[in-house]
Amino acid sequence: MNINRYCDNPIITPGTVLASRKDFQVIGAFNAGVTVFNGETILILRVAERPINSDDKSIKVPFLDDNLNLKVKTFNKNDENYDFGDSRAIHKKGNVAAFEYLTSISHFRLARSTDGEHFKVDEKPFIFPANKYESFGIEDPRVTKIDDSYYITYSAVSKFGIVVMLSSTDDFKTFNNLGAIFATENKDVALFPEKINENYYALNRPISPSIGNAVIWISESTNLLHWGNHKVLIETRDGKWDCKKIGAGSPPLKTDLGWLEFYHGVDDNDRYCMGALLLDINDPSKILARSSEPILEPIMEYETKGFFGNVVFSCGTIVNHGVIHMYYGVSDDSMAYAQFKLKDVLDSMEYLKPKK
Ligand code: MAN
């Protein structure tokens with residue numbers, strides 16, 4: 001499939017984003033939600049920051065304390081009780097499954113563009129962690145326009161686990177926090193842009209700590225707040241690029257053939273790629289087609305190297321005149337942009353039944 005990566009990728013790098021405070025540095029501007037508002041392309045960037053630290057024998061980790069004040073805790077890298085091997089998190093020795101602290105704290109920052117290529121990043125945060133479920137940060141926003149409001153779903157990380165928060169905005173200046181819509185552990189929630197047969201639908205990705213892989217579920221709601229009728233939508237595939245974990249990427253796009261969903265797949269080497277699913281237009285719990293090979297995979301240097309390399313991770317796409325504009329995080333570090341034809345995606349997928 002022909003993928004046109006933008007010639008000046010990455011389009012946003014951490015170095016061009018102002019820190020939210022003088023003693024912090026921005027280490028990531030990535031995994032952005034995407035929408036169009038007042039004729040502008042808006043990216044809701046995940047901006048990851050950490051305390052500036054000149055001592056290479058220690059790691060300083062940021063978090064909100066119980067009074068919701070931003071605090072910094074210092075770990076000695078020689079401390080044998082902890083494992084510092086993962087750039088993203090600090091684990092207790094021998095416990096790879098659960099982390100104690102994240103090495104950075106993320107908030108959301110808006111970037112705007114009139115041409116979809118050149119973005120101006122706001123100087124101040126749009127949404128900053130603000131409650132006890134967000135004390136280690138807020139991450140990976142997806143935004144869906146429903147009627148006249150924009151609904152933002154995101155991971156909220158804290159000592160209580162990872163839950164999915166919902167916020168809404170009508171103006172991209174202020175927002176309402178509507179609370180946690182999926183309890184721990186859940187991530188990667190993408191809302192469909194309209195009701196289907198009287199119900200809202202959400203793709204989501206719960207994880208069982210006891211058994212099984214992380215796969216995509218679909219849930220229903222009449223009010224966007226209370227979700228039920230949870231069903232497994234699609235599973236990981238042994239031996240393939242999406243064998244270890246999968247999760248929804250952009251909010252589903254309505255096409256003539258069905259709902260098109262771009263999702264991420266992770267393999268046993270923690271390599272993240274993007275592929276596609278096609279869901280029945282009247283019953284999105286039915287799969288019509290799936291990519292057998294990735295549509296986008298980490299190949300370019302900015303995709304293979306960085307804070308956490310070998311990652312392409314999209315939380316949002318725009319479709320315009322048959323062209324998909326995919327904005328995607330690279331290496332948990334920066335934002336990149338690619339274009340490809342909607343028709344090419346639909347033609348590249350493997351259909352469970354022949355196309356009508
Ligand atoms: C994983 C990664 C990190 C993220 C944490 C918490 O370790 O996706 O980027 O910060 O989970 O969500």
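**Strand pairing, cores, rings and the ligand site**

In β18, I234 is the bridge partner of I216. This is a predicted model, in which local features need pLDDT of at least 70 and side-chain atom pairs count only at pLDDT 80 or more, while totals for chains, interfaces and linings use all residues. Residues are numbered from 1 along each chain as its sequence is written, and side-chain values use heavy atoms, with hydrogens and water left out.

Back to the strands (DSSP runs of E, at least two residues; helices are runs of H or I, at least four residues; both are numbered from the N terminus). Strands count as paired if DSSP finds at least two bridges between them. β17 (residues 216-221) and β18 (residues 228-234) run antiparallel and are joined by four bridges. They make a hairpin with six residues between them, and L224 in the turn has a positive phi of about 70 degrees. β17 is also joined to strand β16 (residues 200-206), again antiparallel, through five bridges; here S221 is the bridge partner of Y200. Five of the six residues of β17 are buried, so the strand is largely enclosed by the rest of the structure. Buried here means under 20% relative accessible area, against over 50% for exposed and in between for partly exposed (1.4 Å probe, protein chains only).

Next come the nonpolar cores, each a set of buried Ala, Val, Leu, Ile, Met, Phe, Trp, Tyr and Cys residues joined through side-chain atoms within 4.5 Å. In soluble globular proteins, nonpolar side chains tend to be buried together. The largest core holds 23 residues, of which L260, F262, Y328, F340 and V345 touch the most other members. Two or more residues each come from β21 (258-266), β22 (272-279), β25 (323-330), β26 (334-341) and α2 (342-348), and β25 gives the most, with four. Another core, of 19 residues, lies apart from this one; V215, I218, I246 and W259 are among its members.

As for the rings, the structure holds 22 aromatic pairs. Rings of Phe, Tyr and Trp (its six-membered ring) pair if their centres lie within 6.5 Å; planes under 30 degrees apart count as stacked, over 60 as edge-to-face and the rest as tilted. F119 and Y327 are edge-to-face, because their ring centres are 5.8 Å apart and their planes sit at 85 degrees. This pair links distant parts of the chain: F119 is in the loop between β9 (105-113) and β10 (120-121), and Y327 is in strand β25, 208 residues apart. Both F119 and Y327 are buried. Y327 also pairs with Y337, with centres 4.6 Å apart and planes at 5 degrees, so these two are stacked. Since Y327 lies in β25 and Y337 in β26, the pair ties together parts that are ten residues apart in sequence. Y337 is buried, as is Y327.

Elsewhere, ring pairs link F63, F75, Y82, F84, Y101 and F136 into a cluster. F75 also has K73 over its face, at 5.3 Å from the ring centre, and R21 lies over the face of F24, at 4.7 Å. The cut-offs for a charge over a ring are NZ of Lys or CZ of Arg within 6 Å of the ring centre and within 35 degrees of the ring normal.

A side-chain N or O atom of E139 is 2.6 Å from a ligand oxygen. Polar side-chain atoms of K187 and R46 lie 3.1 Å and 3.2 Å, respectively, from an oxygen atom of the ligand.

Methods: Polar contact = N/O pair within 3.5 Å; in protein donor to acceptor, adjacent residues only side chain to side chain.
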